[in-house]
Amino acid sequence: MDKIIIRGGKRLSGTVPISGAKNAALTLLPCALLTDEPLTLRNLPRLADIDGFQHLMNQFGISTTIAGSRPEDFGRVMTLEAPRITSNVAPYDLVRKMRASILVLGPMLARMGEATVSLPGGCAIGNRPIDLHLKALEALGAQIELASGYVRAIAPDGGLPGGRYSFPIVSVGATENAIMAAVTARGKSTLQNVAREPEIVDLCNLLTAMGAEIEGIGTSGLTIHGVPRLHGATYRVMSDRIEAGSYACAAAITGGEAVLKNARIEEMESTVQALRDAGVTVEPRAEGLYIAADGPLRPVTISTAPYPGFATDMQAQLMAMLCRAEGSSVLTETIFENRYMHVPELNRMGAHIETSGRTAIVHGVPQLSGAEVMATDLRASMSLVIAGLAAQEETQVHRLYHLDRGYERLEEKLSLLGADVERVGDD
Ligand code: UD1
């Protein structure tokens, strides 16, 4: 197991390329199930989660070929082709390692009339049920059975009829599953209170390029007119707004500056607002976003919320940055119940953070100190890296596999900004 060693205290400066979005890629890949023609995805990030999803798709009989991956390039191009599906079962072993496997349920059901997926269970950041995925598919006409840790969804003869569903709470994954199931239904479907994340827009744009008919893209109400078949497409995955936000916090905590190549301000306005409230300069440029922190960081008050609110996936990284603000910030986590696991680790690095239920109060400190730390999830791990960049002396972040799930070649990108970082094997 690798770890990353950071010798902190260096002011970051330079240009860093932002990769394709992990969470968009994880919902674009299963769209290959919806057509017997080739689907080519460009700008796919090179991440452990994408490799895992590719493996899952191969298990269904889908062929995957990779092009354009010189070692020095970021990202890659993958063509998926599914003229024939040989299995409609997503087994426990794969789903356990990658929760996003649940996103094959809707498209597999649409394509094969039946899909069986292992129940994902809980994860480090909370209980994470899938009841809304199942209710939405039921509303579209599926019959759902739960047995032996698996969910089986079955469509009536002739395919899903389509239907109406209003989500009681906003769910990104459940919205994605419902959209992918509805695009080839026999009739019209109406989905209300859907998630509006840019990754959902990316999904709808790809499906439209494949021949789907979706009205209301980017709003909280979608009307989907089912079409008999979808065709292949070539599509570029959107930039990763969470990766971009993470590098913004990394540059800012060191009092540095960075150009985040390919980052798009219109997809990350709540993060940009939080950074500006903290005194960080953020300017759109032709090639991406320019970030500069030349004065002291100011405290902010933030609550996580579904898009366009402040993303829960940015909470840990912003918190790390605010450890160095002049004053006390108040962060409230409203999406997941257990998403402060980075707090004790940040405190071990000299931060002063108090939590009470869903709220964390971050009292800014003049200096952080390096330590050996580890986190139990992806964004929490990144928050420790960000703190390490500003800390005196050396920080070692263990369990690098969390970061490899979501940050393409992290240490290389940090080095491009002038950080002193090194990946080494853990003993
Ligand atoms: C996605 C993202 C994840 C992000 C999250 C919230 C991917 C692969 N992952 O996760 O990085 O943190 O959105 O922006 O895109 N819920 C239910 N029942 C359900 C589904 C969800 O109660 O059937 C609850 C969850 O427990 C959570 C809330 O709804 O409290 C939002 O979760 P959801 O938007 O579904 O998150 P994911 O799609 O799992």
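**Helix pairs and a lysine**

Modeller: The axes of helix α10 (residues 315-322) and helix α12 (residues 378-390) come within 8 Å and cross at roughly 20°. Axes are lines fitted to C-alpha atoms, for helices over the stretch in contact, with angles from 0 to 180 degrees between N-to-C directions. Helices are DSSP runs (H or I, at least four residues), as are strands (E, at least two), numbered from the N terminus.

Modeller: This is a predicted model, where local features need pLDDT of at least 70, side-chain atom pairs count only at pLDDT 80 or more, and totals for chains, interfaces and linings use all residues. Residues are numbered from 1 along each chain as its sequence is written, and side-chain values use heavy atoms, without hydrogens and water.

Biologist: How is α10 oriented relative to α12?

Modeller: Their axes cross at roughly 20°. Angles under 35 degrees count as roughly parallel. Therefore α10 and α12 are roughly parallel.

Biologist: Which residues of α12 make the contact with α10?

Modeller: Contact means heavy atoms within 4.5 Å. From α10 come Ala316, Gln317, Ala320 and Met321. From α12 come Arg379, Ala380, Met382, Ser383, Ile386 and Ala387.

Biologist: Is Lys3 buried or exposed?

Modeller: Lys3 lies in strand β1 (residues 2-7). Buried means under 20% relative accessible area, exposed over 50%, partly exposed in between (1.4 Å probe, protein chains only). Lys3 has 9% relative accessibility, so Lys3 counts as buried.

Biologist: Which residues does Lys3 touch?

Modeller: Residues up to four places away in sequence are not counted. Lys3 touches Gln396, Val397, His398, Leu400, Glu422, Arg423, Val424, Gly425 and Asp426.

Technical notes: Parallel < 35°, antiparallel > 145°, perpendicular 65-115°, else oblique.
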